[in-house]
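Subject: Structure for your files

Hello,

Here is the structure I said I would pass on. My notes on it follow below.

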Amino acid sequence: MARFDVVDLIRTKRDGGTLTDDQIRWFIDAYTKETVAHEQASALLMAIVWRGMEPNELSTWTVAMLSSGERMDLSSIKAPTVDKHSTGGVGDKVSLILAPMVAACGAADPMLSGRGLGHTGGTLDKLEAIPGYDVDLSGDEMLRVLADVGCVICSAGPDLAPADRKLYALRDVTGTVESIPLIASSIMSKKIAEGTEALVLDVKVGSAAFLPDISMARELAETMVKLGEAHDVKTSALLTNMDIPLGRTAGNGLEVTESVESLQGKGPDDLMAVTIALAQEMLDLVGLKADPASTIEDGSALEKWRAMVTAQGGDPDAKMPEAPERRTFDAPDGGFVAGLDARAVGIAAWRLGAGRARKEDPVSPSAGIVCLKKPGDEVEAGEPILELHADDPDRFENAVAALDGAVQVGPEQPEPPKMILERIGP
Ligand code: URA
């Protein structure tokens, strides 16, 4: 492979130029092998944040990241394979309900998930609240669970897009996450490497989303859909509301309990609206004629959930650990809850111990927040709106500070929030 001087690449991007295919391939390879210094890679990433990428640069960058590792082979799976990926939200437990639902409809969902960082939760952290649940499966184990059950939710092994693992860790500490080409290439390199036939993207819009603005979320969705299609993955995206926390809980074990209740038919309207819309979109992409909502009514999705948890070493009947310390956050006035800011709730849950500040930090399985009231609910002055759960009472002060101004109460009952904002795809 040709060798380049990374300073030339940084200068080119800084000044608004275009990188060549060879320069991009060399950089991704060199950074993965750690022969480019972190400060130089950081400078290049920041130049990309400011200058963006041309479509050809983005395509080459994504393929280089994908080619830094292995591509999974799902050809042994008989059912059509389809996955969902969310750009990250607060209370976003959709994967736990949706993977069993689509499996119950006859699809196979090979869901490789991540951990939470900052105010957004991670699916693996939630599942690890279940005693015994193993997220670290080998490739063979993953295929076995997928073939037997129809869904598997586990971590991506070290050989799947290792360039992204390194670059994402660097972006996280250098303020270079918020870039459409960098987010799109990061997500799509992993999802294309996963080997799924079809993919539905849940692109969050609102206060707790990476890109809060709808026009940027739309551009991100369009960029990812094009990348998927260019690599023969049938891809579509839904833009969904992330101004309010999804469902009634944010926190690992709390979200598992809410997911199981949702699989039992007791899910809150906003969470079920997003989950069913995404599940329907997945089934449509692979041409399966089925009604995902019926899998809740007839108990088949719950059966798939129990089978998946058991196959991954977990106890589906185990009660989630409960936090010993509780505190309420009360309504400032009487009236109707008009707003509940998802970002503030996410930061508060994180400060309570549900999330991590650094990748290597542990998370609490029991800390988090229960939303006793959501927008549209009536409250009296002083009535609890949120219930904060923590292992250590010292955590409350900082968490409550994050909630300053997060709740609005007004005299009028607001309309229920629109959850599905747009669809992007073929
Ligand atoms: N999720 C990812 O996997 N990558 C990003 O860059 C942002 C969110």
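Two strands count as paired if DSSP finds at least two bridges between them. Please keep in mind throughout that this is a predicted model.

By that rule, strand β9 (residues 368-371) pairs with strand β11 (residues 384-390): the two run antiparallel and are joined by four bridges. One of the bridge pairs links G368 to H389 in β11. Both strands belong to an open sheet of four strands, with antiparallel pairing and the order β6-β9-β11-β7. β6 (249-250) and β7 (325-330) are the edge strands; each has a single partner strand, so one side of each has no neighbour in the sheet. Helix α15 (residues 342-354) lies across β6, β9 and β11, and runs at about 135° to β9.

Elsewhere, there is a helix pair to look at. Helix α2 (residues 21-32) packs with helix α4 (residues 55-66) at an angle of about 30°, and their axes are 9 Å apart. The crossing of α2 past α4 is right-handed. On the α2 side the contact is made by D21, I24, R25, F27 and I28, and on the α4 side by N56, E57, T60, W61, A64 and M65. Sorted by class, this contact of α2 with α4 holds six nonpolar, two polar and three charged residues.

Last, a single residue. S42 sits in helix α3 (residues 38-51). Is S42 buried or exposed? Its relative accessibility is 15%, and the cut-off for buried is under 20%, so S42 counts as buried. Leaving out residues up to four places away in sequence, S42 touches L170 and T174.

Regards

Technical notes:
Residues are numbered from 1 along each chain as its sequence is written. This is a predicted model: local features need pLDDT of at least 70, side-chain atom pairs count only at pLDDT 80 or more; totals for chains, interfaces and linings use all residues. Side-chain values use heavy atoms; hydrogens and water are left out. Buried means under 20% relative accessible area, exposed over 50%, partly exposed in between (1.4 Å probe, protein chains only). Contact means heavy atoms within 4.5 Å. Axes are lines fitted to C-alpha atoms, for helices over the stretch in contact, and angles run from 0 to 180 degrees between N-to-C directions. A crossing is left-handed if the near helix is turned anticlockwise from the far one by less than a right angle, and right-handed if clockwise. Ala, Val, Leu, Ile, Met, Phe, Trp, Tyr, Cys and Pro count as nonpolar, Asp, Glu, Lys and Arg as charged, and the others, Gly among them, as polar.
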